[in-house]
Amino acid sequence: MKCHLPKLYLLLSLILCGIILIFEKNISPYYYQVIVYIGINIILASSLNIINGFAGQFSLGHAGFMAAGAYTSAVITSSMHISPGSLASYPAFLFSLICAGIIASLFGLMVGIPSLRLKGDYLAITTLGFGEIIRVIIQNLDFLGAARGFTGIAKLSDFFWVFGIISILIFLVYNLINSTYGKGFLAVRDDEIAASAVGIDVTRYKVIAFVFGAFFAGIAGGLYAHFVTYINPSQFGFLRSFEIVVMVVVGGMGNIIGVIISAAILTILPEALRSIAQYRMVIYALLLVIIMLLREGEFLGGRFNIKRLWKKSPAET
Amino acid sequence: MNQLLQQIINGISLGSIYALIALGYTMIYGILRFINFAHGDVFMIGAFVGFYSAPHISKLVGGSIIFSGILVMLLAMLICSLLGVTIEKFAYKPLRSRPKLTVLITAIGVSLFLEYGGQLIFGPDPKLFPTIVPSMAVVDTQNLVIGSNSIVAIVTAAILMLILRFIVFNTKMGAAMRAVSYNHQAAALMGININSIISFTFVLGSSLAAAAAILYSSVYPSINPLMGIFPGLKAFIAAVLGGIGNIYGAALGGLIIGLTETFVTGYLSPTYRDAISFGILILILLFKPSGIMGKFEAEKV
């Protein structure tokens, strides 16, 4: 019975998404928009969590995968001239999202291959570079609208799509982590040399993590493009990647629930600070530094310790 | 031919500015083994110190534009080195024994704080940097114009790099720095005060960034609070290209990146300017991760 529990949860959450869809019209547009953004950020953060949290490969290029997905799906639905609400729009949107995921995961593969040789800071800066290269290439492709952006995307994303995909993603992640692959990821993260010594194909696991993470980042990009209906390359700069990384780190690397909560909180926080708009990014940055300084353990659940602010660190002796 | 010469001069002046910033990255990496993401923003603060102080200083000093230019640069170097040391004391020092990732994210946080704090205090719109280097054409033929600011940038950068070389290789403080970069513990056992060496490194790195900022703003006089991001990233790439932790490597890498960038802008398309540096970075990391002059460090179990 126990092994069916995740499947039951998946079914239940999909039904719940469907029910909430009925009430969708009663939610004020502003809150609705924030809720959908939360959903998209949860997908982005959870997929990055596979790469950063479970496989331990520090990636700063998630916005690049997102951009690849956003543009792919936008091109597909625009070329098919889908009108929102028609019966054909659902399979077409699903098809475009899957294509978005596949193209993004191809980019993931491209980024994953250099990651075999690099680690830590170097990998971070390389993935950042890849993300920027994807952005610059889009900026120079005229059929994608270049720097002017891509307009006239049908508004196909809604609550059901976003949260339905979250349910599937969380289901997949949960099962992945509890499979031999998941154990392989953790082994690679904790000690690469020991992992390869016991016969784990480190290369394979790293690439799989990148491909899987990028796939869902691409889908998130597709959902985003079909929600805001206008995309341009500057929306996918590396600040976007930083935001996603911050969500994962604050939630706790490798903590599924923690990342979901922190993605929600960090999406709401800038909105809540909107009344003091000019200070909000400063406060956000300051909070980030303070959280880092106070955190005791490496993962969420690690205790916060106020004393750390004035305690001397052991390395100083 | 003249156009080629023009590109080379522009490339060297941009490259020597990148080299100055790259030296800061490489020294801090050499000693603390982490990328100081906030370095580019220290560079930005340097430009703004110049922007606000230049009118006052030139009024105070009077006619001599060279003397006031030197004063502006020294002031920017002083303020930025204070800023660098403060960042190190408050943000990086408490995290010295923690995982690399924590320090990296803290550095990103500090960088965002400086950028958005800068937007709050200085305003987000671009500002025109005052002329502190007398601007005139040293050489002006049909299609070759060499401005005095390019020459000043190249010469000043060269002088600063020679001073740095002297400090690192010919003084006691420099010897201590090199010792700390080999091994913290062993250096501490030899009676070297690690904390003061780290602070000194931040002073050197940040003041070079400030000098680079003044030179950069004299050549490209539009400054804004986000101006530090790309020069910062490119200087980092230069440091990696030359072999991170190696001072000559940083200078060489800076020149290579500066030249490539000007050639891409001049002969291909300016829009690919930012992508080409990242392309170089990925190629160098794939084929020679230790950089041109870096040493290969074997991984220990």
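Which residues have the most contacts inside the largest nonpolar core, and how many residues does that core have?

Tutor: This is a predicted model, in which local features need pLDDT of at least 70 and side-chain atom pairs count only at pLDDT 80 or more, while totals for chains, interfaces and linings use all residues. Residues are numbered from 1 along each chain as its sequence is written, chains are lettered from A in the order in which they are written, and side-chain values use heavy atoms, without hydrogens or water.

The largest nonpolar core has 192 residues. Such a core joins buried (under 20% relative accessible area, 1.4 Å probe, protein chains only) Ala, Val, Leu, Ile, Met, Phe, Trp, Tyr and Cys residues through side-chain atoms within 4.5 Å. The residues with the most contacts inside it are A:Phe185, A:Leu223, A:Ile231, A:Phe236, B:Phe37 and B:Tyr92. Beyond its neighbours within four places in sequence, A:Phe236 is in contact (heavy atoms within 4.5 Å) with A:Ala63, A:Met66, A:Ala67, A:Ala70, A:Tyr71, A:Arg135, A:Tyr224 and A:Ile231.

The core includes residues of chain A and chain B, and the two chains also touch: 45 residues of chain A are in contact with 47 residues of chain B. Together they bury about 4,200 Å² (accessible area lost by both, 1.4 Å probe), with 77% of it on carbon and sulfur atoms. Helices (DSSP runs of H or I, at least four residues) that give two or more residues to chain B's side are H3 (65-92), H4 (100-122), H9 (229-242) and H11 (273-287). Of these, H4(B) gives the most, with 13 residues.

Notes. Buried means under 20% relative accessible area, exposed over 50%, partly exposed in between (1.4 Å probe, protein chains only). Buried area is the accessible area (1.4 Å probe) that two parts lose on being put together, summed over both.
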